[in-house]
Amino acid sequence: MGQVQLKPRSFPTNLLRKDWSKRKIFGLVDQRLVDKVHDMEVRDDDVWLVTLPKCGTTWMQELLWLVLNNFDFEAARNERLEVRSPFLEMDYAIHGDLDRALESVETLKSPRLIKSHMPLPLLPQQLWYKKPKTIYVYRNPKDHIVSRYCHRRNMGFGLEKTIEQYVLEYIGKEDTESATDFDHVTEFYALRNEPWIFYTSFECMKQNLRKVIEDVCQFLNKNITEEQMEGMLHHLSFEEMKKNPKVNHHWEYEKIRAKHNVTTYEDNNFIRRGLAEGYKDELSADVIAKMDECIKNKLEHYNLSMNELLLLDAETAV
């Protein structure tokens, strides 16, 4: 699964003033898909969910689908999340067929809930101008990097590496997607006060899920009763999400393994631990210190703190 440098046909200069000529973008997709996504039609009533991988995406995706579909818990329990809310890049990742790459999104009835891990410059050009409701979720990189390691092993990749080898390689590379993670988040953070953007974090969801649900409902102009709220808090609890086969991406894992002829893999749940700061009991103090130094150096470039990106109070430790 080699990564390549990607070049969008244009940049969202109407949204952010920056030197886009220096913006490097790496990814697992190829340039043909990038061009196709750039030109895709965006509907006015679309809702987009954008995150880096393993940042609470599935948790928020299920939350959003329920809010948009009148809290229909029965329908959610009876259909895979991938069908209800397509992952923009997944069909092409599995089939490599450009003609059908966006079919699952294009045939979806409105209002569509579309998930993507693409950075702002690779999202459809129409999104920058039509400005449909867009939700962005971030997560402490020390947690999402550990979670990505486990996610890759579920697909059968990187089995030869220890978790600490993976982490040190991830933070040390300058020619891969990981090197631009902070561009991914800071571009959306800079737009967080725009009326069409809802910016939050995995940590905020862990701290006060009720408030995040209330805020999302307000953002999407949806009402919620106390009975519906109680249903949401139960359905979206870690215990319920972990045992729910419709949100654990079994189908995606099977398709990716089949494409790459993978027969050896770790068979762990997609929703694994659901913890904030879970990295503390999975990594050594030495590796954590190296991650902290790397993150500190990155954040100095953007003149931001991790607590700011996570929307946490200054005294909250991360």
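These legends accompany several close-up views of a predicted model.

**View 1. A cis peptide bond at Pro-111.**
Let's begin with the backbone. Most peptide bonds are trans. Here, Ser-110 and Pro-111 are joined by a cis peptide bond, with omega at about -5°. Pro-111 belongs to the loop between α6 (103–106) and β4 (113–116).

**View 2. Positive phi at Lys-54 and Asn-221.**
Most residues other than glycine have a negative phi. Lys-54 has a positive phi, near 65°, and Asn-221 has a positive phi as well, near 60°. You will find Lys-54 in the loop between β3 (47–51) and α2 (57–68), while Asn-221 is in the loop between α12 (209–219) and α13 (226–235). Are these two residues buried or exposed? Lys-54 has a relative accessible area of 12%, so this residue counts as buried. Asn-221 has a relative accessible area of 66% and is therefore exposed.

**View 3. The stacked rings of Tyr-136 and Phe-188.**
Now for the side chains: the whole structure holds nine aromatic pairs. In one of them, the ring centres of Tyr-136 and Phe-188 are 4.7 Å apart; the pair counts as stacked because the planes meet at 20°, and planes under 30 degrees apart fall in that class. This pair links distant parts of the chain, with Tyr-136 in strand β5 (residues 133–138) and Phe-188 in helix α10 (residues 181–189), 52 residues apart. Tyr-136 is buried, at 0% relative accessible area, and Phe-188 is buried too, at 0% relative accessibility.

**View 4. The tilted rings of Tyr-149 and Tyr-166.**
Here is another aromatic pair: Tyr-149 and Tyr-166 lie 5.5 Å centre to centre, with 45° between the planes, in a tilted arrangement. Tyr-149 is part of helix α8 (residues 141–155) and Tyr-166 is part of helix α9 (residues 163–172), so their pairing ties together parts 17 residues apart in sequence. Tyr-149 is buried, with a relative accessible area of 9%. Tyr-166 is buried as well, at 11%.

**View 5. An aromatic cluster with a charge over one ring.**
Which residues do ring pairs link into a cluster? They are Tyr-136, Phe-188, Tyr-189 and Tyr-199. Look for Arg-192 beside this group: the charged end of Arg-192 sits over the ring of Tyr-189, 3.8 Å from the ring centre.

**View 6. Lys-18 over Trp-20.**
We finish with a lysine and a tryptophan. Lys-18 lies over the face of Trp-20, 4.8 Å from the ring centre.

How values were computed:
Residues are numbered from 1 along each chain as its sequence is written. This is a predicted model: local features need pLDDT of at least 70, side-chain atom pairs count only at pLDDT 80 or more; totals for chains, interfaces and linings use all residues. Side-chain values use heavy atoms; hydrogens and water are left out. Helices (H or I, at least four residues) and strands (E, at least two) are DSSP runs, numbered from the N terminus. Buried means under 20% relative accessible area, exposed over 50%, partly exposed in between (1.4 Å probe, protein chains only). Rings of Phe, Tyr and Trp (its six-membered ring) pair if their centres lie within 6.5 Å; planes under 30 degrees apart count as stacked, over 60 as edge-to-face and the rest as tilted. A charge sits over a ring if NZ of Lys or CZ of Arg is within 6 Å of the ring centre and within 35 degrees of the ring normal.
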